[in-house]
Amino acid sequence: MDDLVCVGALAGAFGVRGEVRLKSFCATPEAIADYAPLSDESGTRRFDVTLTGRAANALTARLSGIRTREEAEALRGLRLFVPRARMPDLPEDEFYHTDLIGLAVHDPGDTLLGHVRAVLNHGAGDLLEIHGPGLRDTVLLPFTRAAVPLVDLREGRVVADPPEGLFPAARPAPGPTPGTGRG
């Protein structure tokens with residue numbers, strides 16, 4: 001699956017004539033149609049895509065071979081992929097989300113903070129969802145140059161300089177408590 005990139009997902013039927021609600025993961029949502037044919041993860045099903053409009057939080061589209069509402073509804077949740085070779089090359093400081101997921105996240109002192117579980121965007125910019133050792137819950141790290149000064153895809157790592165207090169502080173080594181030593 002390393003040579004496939006997920007570009008969207010089907011959110012169910014739209015109307016009664018086989019149209020679907022299509023969630024695009026492309027920077028420009030309508031660009032998803034430019035990558036057609038799209039396939040399922042196994043590559044066994046392929047779909048030509050014709051965009052027909054917009055719905056709440058999705059595009060509406062016709063997929064080749066889908067003619068009824070029932071057929072469209074049966075595809076709900078299906079993720080759509082394209083071969084990486086069809087994706088455009090990105091400028092040096094831009095990354096596909098799929099390339100970031102799974103990368104190790106280290107602080108500037110090379111301490112492992114965790115691994116990137118997901119890349120999210122809730123409207124104010126990208127966030128790296130990080131989970132790892134010592135973390136009870138995931139941490140959302142702003143994906144900015146200040147917070148993430150280095151992404152090294154070849155080495156499979158990210159160097160993060162997170163805002164103070166975002167990750168649990170390293171625990172001090174056990175020893176005498178100040179002011180309680182022998183006198």
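Mentor: We shall take the sheet, the hairpins, the cores, some individual residues and the pocket in turn. Please keep in mind that this is a predicted model.

Trainee: Do strand 8 and strand 13 run parallel or antiparallel?

Mentor: They run parallel: strand 8 (residues 104-106) is joined to strand 13 (residues 157-159) by three bridges. Within this pairing, arginine 157 of strand 13 stands opposite alanine 104.

Trainee: How many bridges link strand 8 to strand 9 on the antiparallel side?

Mentor: There are three bridges in that antiparallel pairing. Valine 105, for instance, has glycine 114 in strand 9 as its bridge partner. Strand 9 is in turn joined to strand 10 (residues 126-131) by six bridges, and these two strands run antiparallel.

Trainee: As for side chains, how are they arranged along a regular strand?

Mentor: The general idea is that side chains in a regular strand alternate between the two faces of the sheet.

Trainee: Which residue in the turn between strand 8 and strand 9 has a positive phi?

Mentor: Strand 8 and strand 9 form a hairpin with five residues between them, and aspartate 110 in the turn has a positive phi of about 75°. The hairpin of strand 9 and strand 10 has four residues between its strands, with glycine 123 in the turn at a positive phi of about 110°. A further hairpin is made by strand 5 and strand 6, with two residues between them; asparagine 57 in that turn has a positive phi of about 60°. Strand 5 (residues 49-55) and strand 6 pair in the antiparallel sense over six bridges, and arginine 54 stands opposite leucine 59 in strand 6.

Trainee: Which residues of the largest nonpolar core touch the most other members?

Mentor: In soluble globular proteins, nonpolar side chains tend to be buried together. The largest nonpolar core here has 23 residues, and those touching the most other members are Val7, Leu10, Leu22, Ile32, Leu38, Leu63 and Met87. At least two residues of this core come from each of strand 1 (4-14), strand 2 (19-24), strand 6 (58-63) and strand 7 (79-83). Strand 1 gives the largest share, four residues. Apart from this core lies another, of 18 residues, including Phe95, Val119, Val139 and Val151.

Trainee: Which residues does leucine 22 contact beyond its neighbours in sequence?

Mentor: Leaving aside residues within four places in sequence, leucine 22 is in contact with Ala9, Leu10, Ile32, Val49, Leu51, Ala58, Leu59, Ala61 and Leu80.

Trainee: Why does threonine 60 count as buried?

Mentor: A residue is called buried when its relative accessible area is under 20%. Threonine 60 counts as buried because its relative accessibility is 2%. This residue lies in strand 6, and among its contacts beyond four places in sequence are Phe14, Glu19, Val20 and Thr50.

Trainee: Is arginine 157 buried or partly exposed?

Mentor: Arginine 157 is partly exposed, because its relative accessible area is 23%. Beyond four places in sequence, arginine 157 touches Leu103, Ala104, His106, Asp110, Leu150, Val151 and Asp152.

Trainee: Which residues are the closest to the centre of the largest pocket?

Mentor: The largest pocket holds about 1,600 Å³ of space. Of the 44 residues that line it, Phe95, Tyr96, His97, Thr98 and Leu100 are the closest to its centre. Strand 1, strand 7, helix 2, strand 9 (112-121) and strand 12 each supply at least two lining residues.

Trainee: Where does tyrosine 96 lie?

Mentor: Tyrosine 96 lies in the loop between strand 7 and helix 2 (97-100). With a relative accessible area of 16%, tyrosine 96 is buried. Leaving aside residues within four places in sequence, its contacts are Arg84, Met87, Pro88 and Leu90.

Note on methods: Residues are numbered from 1 along each chain as its sequence is written. This is a predicted model: local features need pLDDT of at least 70, side-chain atom pairs count only at pLDDT 80 or more; totals for chains, interfaces and linings use all residues. Side-chain values use heavy atoms; hydrogens and water are left out. Two strands pair if DSSP finds at least two bridges between them. A nonpolar core is a set of buried Ala, Val, Leu, Ile, Met, Phe, Trp, Tyr and Cys residues joined through side-chain atoms within 4.5 Å. Buried means under 20% relative accessible area, exposed over 50%, partly exposed in between (1.4 Å probe, protein chains only). Contact means heavy atoms within 4.5 Å. On a 1 Å grid over the protein atoms alone, a cavity is a set of points where a 1.4 Å probe fits but cannot get out, and a pocket is an open set with protein on both sides within 12 Å along at least five of seven lines; lining residues have an atom within 4 Å of a point. Grid points are joined across faces, edges and corners, and a volume is the space filled by probe spheres set on the points.
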